[in-house]
Amino acid sequence: MKVGAAELCILLFTTSCLLHFSSELQHSMPYDYSATTQCVTEPKRAQYGGGIIVNPGFDHNIKGWRVFGNGTIEERISNDENRFIVASNRRQTLDGFSQKVQLKKGMIYMFSAWFQLSEGSDIVSVVFKRNGSELVHGGHVIAKHGCWSLLKGGIVANFSSPAEILFESENPIVELWVHSVSLQPFTREQWRSHQDSSIERVRKSRVRFQVTHPNETVLEGATVVIKQTRANFPYGCAMNRHILTNSDYQKWFVSRFKYTTFTNEMKWYSTEKIQGHENYTIPDAMLKFAKENGISVRGHNILWDSERRQPEWDLSLSPDELREAAAKRMKSVVSRYKGQLIAWDVVNENVHFHFFEDNLGKNASAVYYSAAYHLDPTTNMFMNEYNTIEYSGDKDASPTNYIRKLKEIQQFPGNAGISLAIGLQCHFSSGVPNIAYMRSGLDLLAATGLPIWLTETSVDPQPNQNQGGF
């Protein structure tokens with residue numbers, strides 16, 4: 001299911017509360033869902049006409065922009081008459097161009113701009129600086145030479161104060177080019193109106209009933225009772241081994257959820273604690289219970305790319321021994337549950353971690369996705385990752401890096417037919433979530449055209465957890 005102008009397919013597994021993600025037109029300013037993961041030769045004009053940015057399209061040279069740190073800035077005009085600004089002679093990662101804006105507490109600010117480098121490729125980030133030293137990241141993009149890449153992100157202002165918009169690039173040697181900059185504020189009321197409009201358009205529809213007698217004549221005055229028997233979107237919760245022996249737990253779960261993921265019971269370190277001695281007794285029994293109660297199950301997980309999440313015995317294996325052991329694990333668990341699950345988390349958290357890549361080569365993840373697909377070709381193969389949308393400070397797992405890894409898997413020889421899907425863990429720490437960053441991340445991920453599921457959700461305890469939504 002595609003998100004953005006449509007709804008987001010939701011699956012929650014670690015909490016019992018539903019988060020509904022939706023956006024559509026707001027009353028005062030339409031939300032701009034447009035996003036692309038492609039590097040294009042012709043960038044689009046600034047979203048929202050630039051919003052509160054002064055001189056967003058550089059029609060007035062560099063008015064409103066100044067040098068930050070070291071270096072020089074200048075306007076350039078391409079052969080097709082596109083105007084953009086260039087930062088040269090940089091020395092530090094934040095050196096370049098900047099603009100000051102006034103932020104208002106409680107407002108939601110959507111940012112976008114197109115970036116290009118004079119050579120190579122690098123991650124470029126938008127950074128909001130306040131109080132002289134506090135830096136808040138608002139989004140990231142992989143910028144390249146020869147084409148323009150869209151950075152889409154944003155922040156929620158937890159303060160009213162001036163802020164300076166900066167741009168960070170790890171390689172200060174290259175020139176940094178930017179085109180069509182925008183910063184658009186929304187009130188929470190406007191943001192909520194996006195949701196309400198989407199609910200009306202996507203989640204509701206008019207239904208006409210015609211009740212007739214057996215001879216097909218109209219039955220007047222009939223009373224029609226409608227009872228919902230099942231939600232048409234996936235809504236679930238994690239399930240652990242205690243479900244097998246606790247009747248209260250069973251009743252609580254079955255009365256609420258129709259989707260689940262087993263917490264640890266299907267993981268490699270649970271089913272093969274000793275090398276060569278597999279034991280599927282518990283996940284087999286849990287799957288049987290789920291089937292008997294009409295509960296769909298996600299397979300979590302086949303392999304985990306974190307060194308800390310391996311069976312202890314496989315850490316001492318040679319590369320050839322590890323390759324053999326992982327192949328055996330793959331064949332064992334996927335063949336056992338083939339056709340019985342709705343999803344596989346194939347190589348868990350392989351954006352953050354790279355245990356198998358470090359030991360078996362850079363294409364290890366792609367190889368394992370191919371293997372899982374050929375063993376169970378009708379099941380969706382997920383990339384399951386954390387911090388992709390919930391934390392803008394984690395560059396490693398940002399939407400742009402997630403998509404880069406996704407494309408590596410898609411483009412690996414023989415992987416064209418895989419039913420890939422996007423799995424987003426949402427583990428929220430204390431504080432107000434950056435819903436602007438999250439919404440923009442969903443827009444970018446939706447541009448892949450792949451299904452998007454929220455596969456895990458947790459929230460650290462905090463006094464006030466009612467903080468709006470997407």
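These legends accompany close-up views of a predicted model.

View 1. Let's start with an aromatic pair, one of 26 found in a search of the whole structure.

**View 2. Phe-382 and Trp-453 link two strands.** Here is another edge-to-face pair, with 5.8 Å from centre to centre and 80 degrees between the planes. Phe-382 belongs to strand 15 (residues 380-386) and Trp-453 to strand 17 (residues 452-459), so their contact ties together parts that are 71 residues apart in sequence. Phe-382 is buried, with a relative accessibility of 1%, and Trp-453 is buried as well, at 12%. Do look for Arg-298 too: its charged end sits over the ring of Phe-382, 4.6 Å from the ring centre.

**View 3. Six aromatic residues gather in one cluster.** The members to pick out are Phe-58, Trp-65, Phe-97, Phe-111, Phe-115 and Phe-167.

**View 4. Arg-130 places its charge over an aromatic ring.** The ring belongs to Phe-159, and the charged end of Arg-130 is 3.7 Å from its centre.

**View 5. Strand 8 is largely enclosed by the rest of the structure.** This strand spans residues 149-156, and eight of its eight residues are buried, which is why it counts as largely enclosed. You can follow the burial on both faces: one side carries Ser-149, Leu-151, Gly-153 and Ile-155, the other Leu-150, Lys-152, Gly-154 and Val-156, and all of them are buried. Notice that Lys-152 is on this list of buried residues. A pairing partner of strand 8 is strand 5 (residues 108-117), which runs antiparallel to it over eight bridges. Within this view, Ser-112 stands opposite Lys-152 of strand 8.

**View 6. Helix 8 spans residues 399-410.** Its twelve residues reach 16 Å from the first C-alpha to the last, close to the 16 Å expected at 1.5 Å a residue. Buried positions in helix 8 begin with the run Pro-399, Thr-400, Asn-401, Tyr-402 and Ile-403. Further along the helix, Lys-405, Leu-406 and Ile-409 are buried too.

Methods
Residues are numbered from 1 along each chain as its sequence is written. This is a predicted model: local features need pLDDT of at least 70, side-chain atom pairs count only at pLDDT 80 or more; totals for chains, interfaces and linings use all residues. Side-chain values use heavy atoms; hydrogens and water are left out. Rings of Phe, Tyr and Trp (its six-membered ring) pair if their centres lie within 6.5 Å; planes under 30 degrees apart count as stacked, over 60 as edge-to-face and the rest as tilted. Helices (H or I, at least four residues) and strands (E, at least two) are DSSP runs, numbered from the N terminus. Buried means under 20% relative accessible area, exposed over 50%, partly exposed in between (1.4 Å probe, protein chains only). A charge sits over a ring if NZ of Lys or CZ of Arg is within 6 Å of the ring centre and within 35 degrees of the ring normal. Two strands pair if DSSP finds at least two bridges between them. The expected span of a helix is 1.5 Å times one less than its number of residues.
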